[in-house]
Amino acid sequence: MVFEFGEQRLWLDKVDHMSQAEIWLGIRSDNIEVAAEYLKRFGVTRRDEIELLPKGFKGFWINNSAKIIHLISQD
């Protein structure tokens, strides 16, 4: 389910393998490869096992230092 507020979107999803409610944030980049390298350089943990993304989707999951999940995706 998606709610749109101007340019902002709120997605409500059920993920069967998650044991508790969580807040996941999304960040957009115009160059996903540069974003991935930048985050890796600063020790940001990729979490690709969180949820399988559609084939061809330009994006990946990370944890921030507070353990909040973010989806990094290309515009």
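User: Why does strand 5 count as largely enclosed by the rest of the structure?
Analyst: This is a predicted model, in which local features need pLDDT of at least 70, side-chain atom pairs count only at pLDDT 80 or more, and totals for chains, interfaces and linings use all residues. Residues are numbered from 1 along each chain as its sequence is written, and side-chain values use heavy atoms, with hydrogens and water left out. Buried means under 20% relative accessible area, exposed over 50%, and partly exposed in between (1.4 Å probe, protein chains only). Strand 5 is largely enclosed because, of its five residues, the number buried is four.

User: In what order do the elements of the protein chain run from the N terminus on?
Analyst: Helices (H or I, at least four residues) and strands (E, at least two) are DSSP runs, numbered from the N terminus. The protein chain has one helix and six strands. From the N terminus on, the order is β-β-β-α-β-β-β.

User: Which strands are the edge strands of the open sheet?
Analyst: The open sheet has four strands in the order 3-6-5-4, with mixed pairing. An edge strand pairs on one side only, and two strands pair if DSSP finds at least two bridges between them. The edge strands are strand 3 (24–29) and strand 4 (45–46).

User: Do strand 3 and strand 6 run parallel or antiparallel?
Analyst: Strand 6 covers residues 69–74, and six bridges join strand 3 to it. One of the residues involved is W24, whose bridge partner in strand 6 is I69. The two strands run parallel.

User: How many bridges join strand 5 to strand 6?
Analyst: These two strands run antiparallel, and G59 stands opposite S73 in strand 6. Their hairpin has five residues between the strands, and K67 takes a positive phi near 70° there. The number of bridges joining strand 5 to strand 6 is five.

User: Which residue in strand 5 is the bridge partner of T45?
Analyst: Strand 4 and strand 5 pair in the antiparallel sense over two bridges. In strand 5, the partner of T45 is N63.

User: Within what arc do the buried residues of helix 1 fall?
Analyst: Helix 1 (residues 32–41) has the buried residues I32, A35, A36 and L39. Seen down the helix axis, they lie within a limited arc (that of the directions from the axis to the C-beta atoms), so they line one face of helix 1, and that arc is 100°.

User: Against which strands do the buried residues of helix 1 pack?
Analyst: On the other side of helix 1, E33, V34 and R41 are exposed. Contact means heavy atoms within 4.5 Å. The buried residues of helix 1 pack against strand 3, strand 4, strand 5 (59–63) and strand 6.

User: Which residues does R9 touch, not counting those up to four places away in sequence?
Analyst: R9 is found in strand 2. At 44% relative accessibility, R9 counts as partly exposed. With those sequence neighbours left out, R9 touches V2, F3, E4 and R28.

User: About what area does the nonpolar surface patch made by M1, F3, F5, L10 and L12 have?
Analyst: Patches are made of residues with over 30% relative accessible area and no salt bridge; like charges are joined within 9 Å, nonpolar side chains (Val, Leu, Ile, Met, Phe, Trp, Tyr) within 5 Å. A salt bridge is a side-chain nitrogen of Lys or Arg within 4 Å of a carboxyl oxygen of Asp or Glu. Accessible areas come from the Shrake-Rupley method with a 1.4 Å probe, and for residues, only the protein chains shown count as cover. The patch has an area of about 520 Å².
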